[in-house]
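I opened the notebook to look up how this chain is put together. I want to go from one pair of residues out to the whole chain.

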Amino acid sequence: MEHKLEVDVHAHWNDNPPVYRLYVDNEIFTERTFSWISYQFYLTEHLCCNLSTGVHTLKLESLNTEYRFEL
């Protein structure tokens, strides 16, 4: 069954923009550089997933360890 997920991504960074990946159940859905000013903007990711009934996992992986993300 198709499900639509909306996830607000907030990034906290200073120097170089951070890069992140979003996964649903270990399947990568996006890889993006967060290049907007962190204290002024957030990004809404729209994901369309075919998911069966049950528990699923949403994971954000930061490719830069010095940055902090909030979903």
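**Entry: strand partners**

I noted first that the model is predicted.

Next I looked up the strands behind that pair. Strand β1 covers residues 2-12, and strand β4 covers residues 43-50. I counted eight bridges between β1 and β4. The two strands run antiparallel.

Which other strand is joined to β1 by bridges? I found β6, residues 68-70. Three bridges link β1 and β6, and this pair is antiparallel too. I checked one partner here: His12 is bridged to Arg68 in β6.

**Entry: the whole chain**

How many helices and strands does the chain have? I found zero helices and six strands. Along the sequence I wrote the pattern down as β-β-β-β-β-β.

In the chain, 65% of them are between residues 24 or more positions apart.

For the dimensions, I took the box filled by the C-alpha atoms. Along the principal axes, the box is roughly 40 × 20 × 15 Å.

**Entry: surface and charge**

I looked up burial next. Of the 71 residues in the chain, 30% are buried. The chain exposes about 5,100 Å². Carbon and sulfur atoms supply 46% of that area.

Last, I looked up the charges. The chain has 5 positive and 11 negative charges. How far apart are their mean positions? I noted 1 Å.

Methods:
Residues are numbered from 1 along each chain as its sequence is written. This is a predicted model: local features need pLDDT of at least 70, side-chain atom pairs count only at pLDDT 80 or more; totals for chains, interfaces and linings use all residues. Side-chain values use heavy atoms; hydrogens and water are left out. Helices (H or I, at least four residues) and strands (E, at least two) are DSSP runs, numbered from the N terminus. Buried means under 20% relative accessible area, exposed over 50%, partly exposed in between (1.4 Å probe, protein chains only). Contact means heavy atoms within 4.5 Å. Accessible areas come from the Shrake-Rupley method with a 1.4 Å probe; for residues, only the protein chains shown count as cover. Lys and Arg count as positive and Asp and Glu as negative; His and the chain ends are not counted. The place of a charge is taken as NZ of Lys, CZ of Arg, CG of Asp or CD of Glu. Two strands pair if DSSP finds at least two bridges between them.
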